[in-house]
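Visitor: I would like to learn how to read the features of a model like this one. Please take them in turn, with the general idea ahead of the case where there is one.

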Amino acid sequence: MKKVVALVVFLLLSKCPDMFAQAAGFGSISGTVHDATGARIPGAGVTVANESKGVSRELVSNEAGVFTAPALVPGPGYSVTVKLSGFSDWNAKNISLEVGQEINLNVDLAVAGAVSEVTVIEETPLVESTKTGVSQVVNSAQIMELPINGRRVDSFVLLAPATVADGTFGLVSFRGIAGGNAFLTDGNDTTNQFYNENAGRTRITTQISQDAVQEFQVLSNGYAAEFGRANGGVINTVTRSGSNDLHGTAYWFFRNRSLNARDRYATINPAESRHQAGGSIGGAIEKDKLFYFVNAEVTRRNFPLVNRLINPVFFDTNGNFIQTCTATAAQCERARRFLDRQFQTLGRTANSELGFGKIDWLATPRNTLSLSLNALRWLSPNGIQTQAVLTNGNGIGNNANSTVRTRYGRASWTSIPSNTLVNEFRFGWFKDRLYDSVNPALIPSETGRLELTVAGQANLGISRDYPRLNPSEQRFQFADNLSWIQGRHAMKFGFDFSNTQDYLNIRRGQFGSYTYSTWTAFAQDFSDNPAGVKRWTNFSQTFGNPILDFTTRDFAFFVQDQFRTTPKLTLNYGVRYDYAQLPQPTASNPDYPKQTGTIHSPTKNFAPRFGFAYSMSDKTVVRGGYGIFFARFQGAVLQTLFFSNGVYQPAVSLNGTVASELTNGPVFPNTLSSNSNLPTGSVDIVWAAPNFKSPYTQQGDLSIERQLTQHISLTLGYIWSRGVSLFTNQDLNVGPAGPPVTYRINDASGSQVGSYTTPTYRLASRVDGRYRRIIQVENGGNSYYNGLSAQLKKRLSRGFEASVAYTWSHAIDTANQGGGTNALFFDTLRSTFNGDYAADKGSSQLDQRHRLAVTTIVQPTFTKNTGAVAKFLVNNWQLSQITTVASAQPATSTVRIVGSPFTGAAFTGSMNGLGGSNRVPFLPFSNLDIDQVFRTDARLSKLLPVRENVKVYLNFEAFNIFNHISDTFVFTEAYSATNGVLTPTPRVGEGNQSQGFPDGTNARRAQVSLRVVF
């Protein structure tokens, strides 16, 4: 590894005098100067200025006639002036620069004559002639003027192409990749690396105030080499800064249940209220030199949780209990009454405080320093589950009091040594602490903290996860980059180092977990069991050390070049190298010291990137590209490798169908006092494959963008992606597949309609009898994505702004990849057949064939009268909306095993005895459609111009205004398997939850707000 790093360092040093990294929070303005004949003109004086921000860059066009002003702070109000003796001055005004944008200007100088100055451009060019990747910027106007639920700005990510919702908790998938995204703030990494989610995760309201965000950039495909640690997408948030003018806001948002619609699966519409209030102010401490911006925000939310059970195996459509119980009448009744706790409305609140501050100092015209700090405190009793209604028992059996404390800071120094060099150094500090503990009032007196599953119904006890500090994560990041203009080349060199520490205090399953195959068996054990008979199917309990402290060090180097080969053709190419120095286990298993004592750190993560942009005319650009993009190593994966080596946190699992294990197990509701004197083969081991490596994607895109009118552009594109070496696992201890077993398939009347034969995994074939499973985490998964996208953009003119984004796509994967929540822990199997990942190839859980997002902002002028009536009543109205239309995402039908699938089965959870995927193996993946989405969010605003520089906005917002509720989960159990017979389960595919983010429901919600801007 040292030789590899040394080689990369040498290559970079041979090109530039320092080590450099990404400048992801900026934009740039460049151009080429020509005379009337088209010849390039060197030596022209160029001034790039922004009066409000105190920016003034003095440049000179080089021998190729090219000038570039990189590392410019995004914002409106930029101007470009070009002067050369003998020619008329050339001006471009009112340029609005967005994050990541490269505005390219064609400067045609006219010979000096009667006109001494020519203003050629009065606004930002609509088509970016040098852009090669697939990206979208959500600008300041959209952030402030579109309806936004919960003031969480990253919810706008779904307006970009090739994105879909990943579940109902606010996660987003790019190109069918589960997780794998990177979240940046002003270019610094603010990703929670343990979960690979945004800071604070998605249970919180937001980790940064909407009023502290200027805009953000969504990089969907083909992004440059300066971006990394993501095989999905990159979301880069740019914060606000002060300016020479004093600006500020004060706001209050309020909602209650008055205009809220009842969730489809709620029996009541519980009282709900939310207050969000705050303010911001920014200005100049010293004009043109020192600027400040400050924001503070408070949220107080009361949102009770409706918990109930909807399970066709337990209840009919009228809610009557239908489980068969052949225990005594008293036992059956006591067991049934135990379910009563699942039907209640649970009190729940979520209170948070946010603060953000930023200082920008233009120390000299060539040196700028910036400091910023953001902080969040979020407290929510009974709030780890944020849904409005839960019908699977999660609200009671998998809930906790939750706290999140997120803080991060940034310091940057941007220097301009010469007109051809710009250097930026950045330091980042990130702290994300998540702690959850069970509310004592939710712990049932009959079972205590036991986890309990009966007849496939989970969450009847208390979750195995709590209490937990998981994690307390801290990162220190150092980055530096250099932009160097040389002729027609705009080169960038970079270095980035991150030191991420994860501290955990968690022991999942420490209080024990029982699983019963039938309601009768549970009822018999639950009460009146003086003989201590054991009828459970599985019991598990975890022992060992709950404390884990590990550090991951990430190194990255990149070099990239933008080469303007001709006035029409621009090439962007580069290479990125990532190396993760993974932590090594502090304890290994003496039975397998090599396998459990080492985690391989891959050293070959070279990621080439290439893109081109060809200007067919000043209104039409064809662009495309290809690249390789490596994922980061998630802390959750590393946690599994540390905890689950059979020594650090031995997890005992006993099979009730094996006599020796049943004998040594506890009597319900007791637990084991220790993990000693137990039968061999009751503990699992998990280790990483010897060639453990980073998952990555190959991405390609081809598109054409056309300016249709002065204010409208259309982009048509093809997006391709393939995920390679995605994390999977297999059981090295289960042995080869054995003799087949044939299942009889019945219809609802009990008549045979078919049969299914499967190879089997048997206890007798176990390789090492000392252990239950030996799971190897490896890189056996693949994903495939093909998409067609269309984007129509209408820039604000005549009081109307709009955007349309449509994507057709098909996402396929192998190995039953699932969604982002399935890409964290790998101590259980997900495949149907051991190690045969291709057998599980099918449409992804994240597959959504059609997705359309339409936004409009309308600001009509009804009269040209400027009187008080016109200003305060007739004019100054605004209507904005976001409409989303999407096809259904899929679910996969499953089979529930009652007892053991067959005599001698290695495990009880699947038909073939592997205990992996419980899908119906003779049906395809993703065979159930959940529901289509038709949703419109709308905002009506009235502007009251109190004074010239003071405006008051009165707003009414409704989310899903037409209350088109869509299901987000369906009942997936298609069959139950008992003694070799498959019996169909009624109501498969029937909806049972209609969740949504961030309200926990997709039923209509409404709010009013007051906003003062000065």
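Visitor: Which residues of helix H7 are buried?

Guide: In this predicted model, the buried residues of H7 are Gly 635, Ala 636, Val 637, Leu 638, Gln 639, Thr 640, Leu 641, Phe 642 and Phe 643. Helix H7 spans residues 635-643 and is mostly covered, with nine of its nine residues buried.

Visitor: Which strands do the buried residues of H7 pack against?

Guide: They pack against strand S29 (468-486), strand S30 (489-506), strand S33 (547-564), strand S38 (685-688), strand S40 (712-731) and strand S43 (774-797).

Visitor: How should I read a nonpolar core?

Guide: In soluble globular proteins, nonpolar side chains tend to be buried together. Here the largest nonpolar core has 46 residues, and Phe 692 and Leu 982 touch the most other members. At least two residues of this core come from each of S30, S33, H7, S38, strand S41 (738-746), S43, strand S49 (894-897) and strand S54 (973-978). H7 gives the most to this core, six residues.

Visitor: What does Phe 692 touch, not counting residues up to four places away in sequence?

Guide: Phe 692 touches Val 637 and Leu 641, and also Ile 599, His 600, Pro 602, Phe 633, Phe 727, Val 777 and Asn 779. There is also a second, separate core of 31 residues, which includes Tyr 514, Leu 672, Val 683 and Phe 971.

Visitor: Back to S43. How many bridges join S43 to strand S44?

Guide: S43 and S44 (residues 800-813) run antiparallel and are joined by 13 bridges.

Visitor: Which strand is joined to S44 by nine bridges?

Guide: That is strand S46 (residues 850-858), which runs antiparallel to S44. Ala 802 stands opposite Thr 856 in S46. S44 also pairs with strand S45 (residues 842-843), in the antiparallel sense over two bridges, where Ile 812 stands opposite Ser 843.

Visitor: How do I read the side-chain directions along a strand?

Guide: In a regular strand the side chains alternate between the two faces of the sheet. Strand S11 (residues 171-174) is a case: Leu 171 and Ser 173 point one way, Val 172 and Phe 174 point the other way, and all are buried. S11 pairs with strand S10 (residues 163-166) in the antiparallel sense over four bridges, and Ala 165 stands opposite Val 172. The hairpin of S10 and S11 has four residues between the strands, and Gly 167 takes a positive phi near 80° there.

Visitor: What is the strand order in the open sheet of five strands?

Guide: The order is S9-S16-S17-S12-S13, with mixed pairing. Strand S9 (134-138) and strand S13 (188-189) stand at the edges with a single partner strand each, so one side of each has no neighbour in the sheet. Within this sheet, strand S12 (residues 182-185) and strand S17 (residues 234-239) pair in the parallel sense over four bridges. Leu 184 stands opposite Asn 236 in S17.

Visitor: And which strands make up the open sheet of three strands?

Guide: Its order is S22-S21-S25, again with mixed pairing. Strand S22 (344-346) and strand S25 (389-390) are at the edges, each with a single partner strand, so one side of each is left without a neighbour in the sheet. Two bridges join strand S21 (residues 305-307) to S25, and these strands run parallel. Val 306 has Val 389 as its bridge partner in S25.

Visitor: How is the packing of two helices described?

Guide: Two packed helices are described by the angle between their axes and the distance between the axes. Helix H3 (residues 329-338) and helix H5 (residues 519-526) pack at about 100°, with axes 8 Å apart. Angles of 65 to 115 degrees count as roughly perpendicular, and H3 and H5 are therefore roughly perpendicular to each other. The contact is made by Gln 331, Cys 332, Arg 334, Ala 335, Arg 336 and Phe 338 of H3 with Trp 519, Phe 522, Ala 523, Gln 524 and Phe 526 of H5. These contact residues divide into seven nonpolar, two polar and two charged.

Definitions and conventions. Residues are numbered from 1 along each chain as its sequence is written. This is a predicted model: local features need pLDDT of at least 70, side-chain atom pairs count only at pLDDT 80 or more; totals for chains, interfaces and linings use all residues. Side-chain values use heavy atoms; hydrogens and water are left out. Axes are lines fitted to C-alpha atoms, for helices over the stretch in contact, and angles run from 0 to 180 degrees between N-to-C directions. Angles under 35 degrees count as roughly parallel, over 145 as roughly antiparallel, 65 to 115 as roughly perpendicular and the rest as oblique. Contact means heavy atoms within 4.5 Å. Ala, Val, Leu, Ile, Met, Phe, Trp, Tyr, Cys and Pro count as nonpolar, Asp, Glu, Lys and Arg as charged, and the others, Gly among them, as polar. Buried means under 20% relative accessible area, exposed over 50%, partly exposed in between (1.4 Å probe, protein chains only). Two strands pair if DSSP finds at least two bridges between them. A nonpolar core is a set of buried Ala, Val, Leu, Ile, Met, Phe, Trp, Tyr and Cys residues joined through side-chain atoms within 4.5 Å.
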